[in-house]
Amino acid sequence: MTVPVEMTPFEAVTHYFDQACDRLGVKDEVRALICTPDREVRVEIPVRMDDGRLEVFIGYRIQHNGSRGPYKGGIRYHSEANDEEVRALAALMTWKTALVSIPFGGAKGGVTCDPRTMSSRELQALTRRFTRSISNIIGVNRDIPAPDVGTNSQTMAWMMSAYAEEHGYTPGVVTGKPLELGGSPGREQATGRGVSLIVKEAARDFGIPMEETVTAIQGFGNVGSWTAHFLSQGGCKVIAVSDVNGGVRNGGGLDLDRLQTHLENTGTVYGFPGGDAITNEELLGLECDFLVPAALGGAIHSGNASKIKARVVVEAANNPVTPSAENILNERGIPCLPDLLVNAGGVTVSYFEWAQNIQRFPWDLDQVNESLEQIMVRAYRDVSAKAKEEEIRYRDAAFAIAVGRVVRALELQGLP
Ligand code: NAD
């Protein structure tokens with residue numbers, strides 16, 4: 001068997017966009033306008049390291065489309081972050097915010113660095129310098145960054161502070177901040193909570209009782225760990241989790257409290273004594289109802305898609321299933337719930353945070369969680385209804401809904 005050449009992440013998102021345009025009959029000139037990002041910025045970030053060396057990092061902020069509101073998207077610190085990946089993630093944000101119908105466009109940022117090997121002082125210096133370099137293109141009504149892989153609420157606090165030096169105290173310029181600086185209750189858990197809401201809806205849709213569902217989760221960072229927590233709270237059995245070092249499996253269900261303690265003590269889920277050690281590849285091949293890739297892009301590709309034994313794949317990470325892998329899954333009758341739907345809980349609560357910041361009026365946790373549930377459930381039902389009605393994949397339905405909204409917003413404002 002010849003292994004198909006995988007598309008790059010930006011080619012993949014463009015491919016889905018094109019398919020949606022074909023389905024909707026979008027004119028070529030409108031396609032061309034939307035496909036290319038509105039703006040791409042690449043900056044040099046010199047940082048004096050703790051040992052006295054000057055290291056020069058490269059950072060990106062790519063604003064894909066702003067027809068429906070200010071650009072919105074996370075900032076990734078990762079050794080493999082590059083412009084191609086950031087461009088793909090920026091486009092995905094455009095479709096995600098449109099799908100859940102929140103008033104934002106799409107953007108993404110990234111810095112090529114390994115935050116795990118950097119001190120807190122170095123990370124703060126990097127973040128402040130990066131923020132100053134992009135401060136003229138971000139802003140509460142322009143572009144609002146948030147955390148992603150390798151960044152967190154502390155990174156956002158530094159960004160907000162560096163932005164304030166030039167523009168005055170503006171908490172709404174970033175989301176995912178600490179609560180003390182205008183962060184929203186529930187933001188930290190939001191993506192994982194959203195994933196669990198989608199799994200709950202899907203379980204109902206596929207006729208699998210929640211208390212009988214068995215789940216395996218790849219990646220145990222912010223998204224993976226909160227997904228595990230909420231799924232298990234909802235009665236679902238989490239039989240395996242993993243991180244970059246490897247995973248652990250227990251067919252009877254993992255004890256997540258003990259696992260969390262092990263993670264806090266050792267920095268990894270690997271080696272947890274409450275189960276058997278497994279590799280990431282073994283985790284992906286486990287028999288389960290829901291397989292949740294919640295680490296990085298490209299985890300399920302044409303080389304391993306035939307080994308997946310889950311009933312449904314739930315894309316908690318961005319781009320975890322490549323287009324050729326999805327074709328293989330599809331032929332084998334395994335549906336794939338797409339990233340733009342599944343992990344939209346994070347940007348949705350970011351929207352609530354931004355709304356609280358600009359109104360100077362905080363919400364309580366119940367209000368956040370209830371509003372999140374309403375939006376996620378509505379989005380799932382819209383996608384599921386369209387997929388069934390038109391007999392298309394969930395991803396194609398999600399893209400068709402999202403692309404339709406962006407095209408309409410663009411056309412209403414008048415084309416050049
Ligand atoms: P994180 O940095 O908190 O966690 C990432 C996890 O993946 C860690 O457990 C890490 O060890 C693991 N990992 C890294 N490389 C791996 C590998 N090769 N194999 C297996 N595991 C590996 O990141 P996060 O915020 O949880 O984000 C995870 C994914 O979800 C990313 O794709 C991100 O873009 C997406 N996402 C995150 C949010 C959010 O709010 N944090 C929102 C939407 C989408």
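Predicted model: local features only at pLDDT ≥ 70, side-chain atom pairs only at ≥ 80, totals over all residues.

Let me begin with a question: how far is an oxygen atom of the ligand from a polar backbone atom of N222? The separation is 2.9 Å, which falls under polar contacts, meaning pairs of N or O atoms within 3.5 Å, where within protein one atom must be able to donate a hydrogen and the other to accept it, and residues adjacent in sequence count only if both atoms are side-chain atoms. Residues are numbered from 1 along each chain as its sequence is written, and side-chain values use heavy atoms, with hydrogens and water left out.

Staying with the ligand, a polar backbone atom of V223 is likewise 2.9 Å from a ligand oxygen atom, and for A295 a backbone N or O atom lies 3.0 Å from an oxygen atom of the ligand. There are 22 residues around the ligand (a heavy atom within 4 Å), and R76, D148, T191, V223 and N318 come nearest.

Now to the helices, which are DSSP runs of H or I with at least four residues, numbered from the N terminus. Helix α6 (residues 187–206) packs against helix α13 (residues 365–390) at about 40°, with the axes 10 Å apart; axes are lines fitted to C-alpha atoms over the stretch in contact, and angles run from 0 to 180 degrees between N-to-C directions. That makes α6 oblique to α13, since angles under 35 degrees count as roughly parallel, over 145 as roughly antiparallel, 65 to 115 as roughly perpendicular and the rest as oblique. Contact here means heavy atoms within 4.5 Å, and the residues making it include L197 and I198 of α6 together with M376 and V377 of α13.

α6 also packs with helix α12 (residues 345–359), at an angle of about 145° and with the axes 7 Å apart. On the α6 side this contact is made by R187, A190 and T191, and on the α12 side by G345, G346, V349, S350 and E353. T191, then, takes part in this contact and is also one of the residues that come nearest to the ligand.

Finally, the axes of helix α4 (residues 120–134) and helix α5 (residues 153–167) come within 9 Å and cross at roughly 45°, and the two helices are therefore oblique to each other.

Conventions: Near = heavy atom within 4 Å.
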